[in-house]
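This report concerns the model shown below. The sequence and the coordinates may be kept in view while reading.

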Amino acid sequence: MILSLVIDGLAVGSIYALVSVGLVLLVRSTGALNFAHGDFMMFSTFIAYAFVVQFKFPFWLSIICTLILAALLGVVAERLVIRRLMSGPMSGIIMGTLGISYILQGIAKDVWSDDVYTFPAFFPAGHIRIGTALISPQNIGIILSALVIISVLYLFLGKTKVGTGLRALTQNKTAAMLMGIRITRIYSLSWAVGIMLAAIAGVLLAPTLYLSTGMGAITFTGIIAAIIGGFGNMFGAIIGGYLLGILTSVLPLYIPTKLQGIIPFALLMIVLFIKPTGILGKREVKKV
Amino acid sequence: MRATVIRKWTRFLPLAFALLYLAGPTYLPDYLIYLVTVMTIMAIVTQGLNVMIGFAGQFSFAQPGFMAFGAYFGAILSTRLHGLPFPVTILAVGVASALLGLLIGFPSLRLKGFYLAMATFGFTSAMFELINYLGPLTGGNEGMYAPAPAVGRWELTSTQSVYYIAAISVILIQIAVRHIGSTKTGRAWKAIRDDEIAASSMGIHLTREKLKVFAFGAVLAGISGLYYSYLIRYLETSYFSLMGLSLFLIMVSGGTGTVYGPVLGSIFITLIPQALGGVFSQDLNLVFGIILVLIVLLVPRGFAGLWDRLFGRDGAAFNLRDYLLSRVSVKKANRS
Amino acid sequence: MKETTIDGTCLTIRDVSIRFGGIKAVDELGLDIQEGEIFAIIGPNGAGKTTVFNIISGFYRPDTGAVVFDGIDLVQRKPHEIARLGVGRTFQNLELFSRMTVLENLLIARHLYVKTGLWREMAMTRQVREEEATARRESMAILEYLHLESYADSPIAEFPFPVQKRIELGRALALKPRLLLLDEPAGGLSMSETQELSAVIDAIRKDFNVTVLLVEHDMSMVMQISNRIAVLDYGKKIAEGSPKEIQKNQRVIEAYLGKGGSGAAT
């Protein structure tokens, strides 16, 4: 019984991890806390839906087209809005991304209305029995896909020239500029990657959960996961996502149903009180 | 030249506005009386947020929680104690909110910025869960009926009465905040915002001041919640749980850290959906989003900030055209 | 108004040590600062000078030792309490209130002397208005002393670095301190600016009746205005005496120039 819950938790955690790592990437590279992240995910998933169900493209083609469009979406948002707000106070960025959030929801509602949609599953449905546990291949598929994506991300950041430039930017902007790295290109790139990650998370999530314009609320869970794991640290974001996923899956066994909604927040509070910088975060000390 | 003349006149603006505002129920149609009351209530709670964030730099998302607390506490109190005069209820809610504010303020002593925001957000969520949990007392998910302001047997059930209660409160609060902005405590709060270490080396008692500002914000939120319950006469947690966003938008669009920002922002945010509602009712989300983005790009310091720029102490004969041109060139500069 | 101990000592640092990680930043330091003198602490980079200041003003707690000011051990106290006792300071990297005006920065230091509470301030009672006026007057007086009065209502951010340093000095003075801690006041200043500043500090000592404790790298300032100097190296006091004595001290010269010592005397 626990096993299937853990698997469920890992699956949910994979989604959280993907959302969270994308968020942190955007924060580290452009200093923007993207409150519209979940809405980008929602929008990209609807785009995927359009390709698969409405245009009836083959699955693999739909995914590719979705990723391209998602990347484009990210770049447009970055160039039109985020870049201009980066030099101002954080409240400007927050308001800007909130505006984008409304815009995305508005467009989605116009095109696809408030209905709830079923996204076709691409992993075999049904359950496999292992011992007393019922495990769905869907979940296994999600976990494996997420691991693949995360590995690709790591290879990208670690081994490619572009990826290294991105890492340089997140660590020291001035030095990166002095090294001849075109930071404006990197800004756009990071938003392309970040939104693509969100899109993948959405596509993985959609078959399990119904697709609707309200999916954007996952932004907050992503932020919480990032904090728990150590905000600002991409690896921490992933850890936080999985941890949150497992705990939200397993804890309901021990907690009355009414309080289940609190789990993410309770975890957040615990982390904030014990070690605000999160599991992998570093203490920031101000020097006078 | 022009600007200084205008500035002389603008001193009377708040007074003129206040008078027009108090006289509202005499010339406004019913639905607008209601709307303006909502606007006033939002202005009050946002002013609390504005002082906490804009003056003292304490990023608190606790306002919706305090507001819900004030609403429910006041409603339950007046239900149990029939005929309790409403000024007493207001006072009771104020005191209770202040105490709660002190309690919630404790995390602020160790957490800053983003982390504090998350912790206070957690408090707010916990408050809503708590209200739902205390079903028998609070009506839980179904909500509860809230009594109108009362004095003994007399019940003030009209929208107008709530309008007046809120209007008088907001005027007093605005005056108070304006004073705070230019005296010792306000400066201490701003010092904490700018540089905590320097502030404490100047003798400012960080703990005391942070707790004070939390109590202040909580009181404003609490009584605004009570007024909301007087207006709507029915309470559900969903009324408050979705409010956090609006508060933030009101504060930022009005101008964070300014005295009149919350009022201006509240007018803007409350009236825009109304104004657009007729024409764009289908696309409300979309248009609102576009407007938000435009505001943040073109008027970064909010409406109060814009006003300051145009007619403020710098007094340069600023005009709108120059201002917009300067915004465009700032955008160009950021491209490098 | 100034309490003098029997022997005229303003501040006593006794056996103060502090460790950060594995490194002893300050090692059994002992100093006696006399009333009304200008006492300088010098030493190569990393010798622990600013750490000493941070201990005195209450931002760090030493592992051992005591810092006695006015009969009170500051080690137990929080920064704001220490400020209230009469210890003011400036910071190496300037910690001005960047979003406020020059005058407001000084008014904040007046915080201690303005006796009003939130309730009365909200109502702007006559008492509040009077206290405000007094605080403004006194702050403007300090600004005038430092020739900064025309900048009173301008935001801090507009001013060049040397001016900001003077503003911070003014702010520390507005606290009406008995002990003034100046952390590298000449840092980033040109030679002529440093000369000016030295004269100002010297004058302040007399005009404001304060004891000055100075951490500085600039030897011209140190030698010119200090009454006594202590030299720190790797957290330990290696010499103490008058400027002339220090200049001739072999250990000091070695610490700065020989043995691969890090900082050079500027």
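**Basis**

This is a predicted model, in which local features need pLDDT of at least 70, side-chain atom pairs count only at pLDDT 80 or more, and totals for chains, interfaces and linings use all residues. Residues are numbered from 1 along each chain as its sequence is written, while chains are lettered from A and ligands numbered from 1 in the order in which they are written.

**Chain B**

Chain B contains 18 helices and four strands; helices (H or I, at least four residues) and strands (E, at least two) are DSSP runs, numbered from the N terminus. Of its 336 residues, 49% are buried. A residue is buried if 20 or more other C-beta atoms lie within 10 Å of its own, exposed if 12 or fewer, and partly exposed in between, with C-beta atoms placed from the backbone. Among the contacts in chain B between residues at least 6 apart in sequence, 77% join residues at least 24 apart. Two residues are in contact if their C-beta atoms, placed from the backbone, lie within 7 Å.

**Contacts between chains**

Chain A gives 33 residues and chain B 27 residues to the contact between these two chains. On the side of chain A that touches chain B, helix H3 (59–85), helix H4 (90–112) and helix H11 (263–274) of chain A each supply at least two residues. The largest share, 15 residues, comes from H4(A).

The contact of chain B with chain C takes 22 residues from chain B and 27 residues from chain C. Helix H9 (159–181), H10, helix H11 (196–201) and helix H12 (206–232) of chain B each contribute at least two residues to the side of chain B that touches chain C. Here the largest share, seven residues, belongs to H10(B).

The table gives the composition of these sides by class, where Ala, Val, Leu, Ile, Met, Phe, Trp, Tyr, Cys and Pro count as nonpolar, Asp, Glu, Lys and Arg as charged, and the others, Gly among them, as polar.

**Chain C: domains**

Chain C is divided into domain 1 (1–86 + 176–266) and domain 2 (101–174), with bounds from an automatic or database domain assignment. The centres of domain 1 and domain 2 of chain C, taken over C-alpha atoms, are separated by 27 Å. Nine residues from domain 1 of chain C and seven residues from domain 2 of chain C form the contact. The side of domain 1 of chain C that touches domain 2 of chain C has six nonpolar, one polar and two charged residues.

Helix H3 (residues 102–110) of chain C is largely enclosed by the rest of the structure, because nine of its nine residues are buried. Its buried residues pack against helix H10 (184–194) of chain B, as well as helix H5 (126–145) and helix H6 (161–174) of chain C.

Strand S8 (residues 211–215) of chain C is mostly covered, with five of its five residues buried. Thr211(C), Leu213(C) and Val215(C) lie on one side, and Val212(C) and Leu214(C) on the other. Strand S3 (residues 38–42) of chain C runs parallel to S8(C) and is joined to it by four bridges; two strands pair if DSSP finds at least two bridges between them. Within this pair, Ala40(C) has Leu214(C) as its bridge partner. Strand S7 (residues 179–183) of chain C also pairs with S8(C) in the parallel sense, over five bridges, and Leu179(C) stands opposite Thr211(C). From S7(C) the chain crosses through helix H7 (residues 191–207) of chain C to S8(C), a right-handed β-α-β crossover.

**The nonpolar core**

The largest nonpolar core has 262 residues, of which Ile195(A), Met196(A), Ala201(A) and Tyr227(B) touch the most other members. Such a core is a set of buried Ala, Val, Leu, Ile, Met, Phe, Trp, Tyr and Cys residues joined through C-beta atoms within 7 Å. Helix H8 (residues 183–205) of chain A provides the largest share of this core, 17 residues. Domain 1 and domain 2 of chain C both give residues to this core, so the core lies between them. Leaving aside residues up to four places away in sequence, Ile195(A) touches Phe40(A), Ser44(A), Ala70(A), Ala71(A), Leu73(A) and Gly74(A).

How values were computed
A crossover is right-handed if, with the strands pointing away from the viewer, the path from the first strand over the helix to the second runs clockwise.
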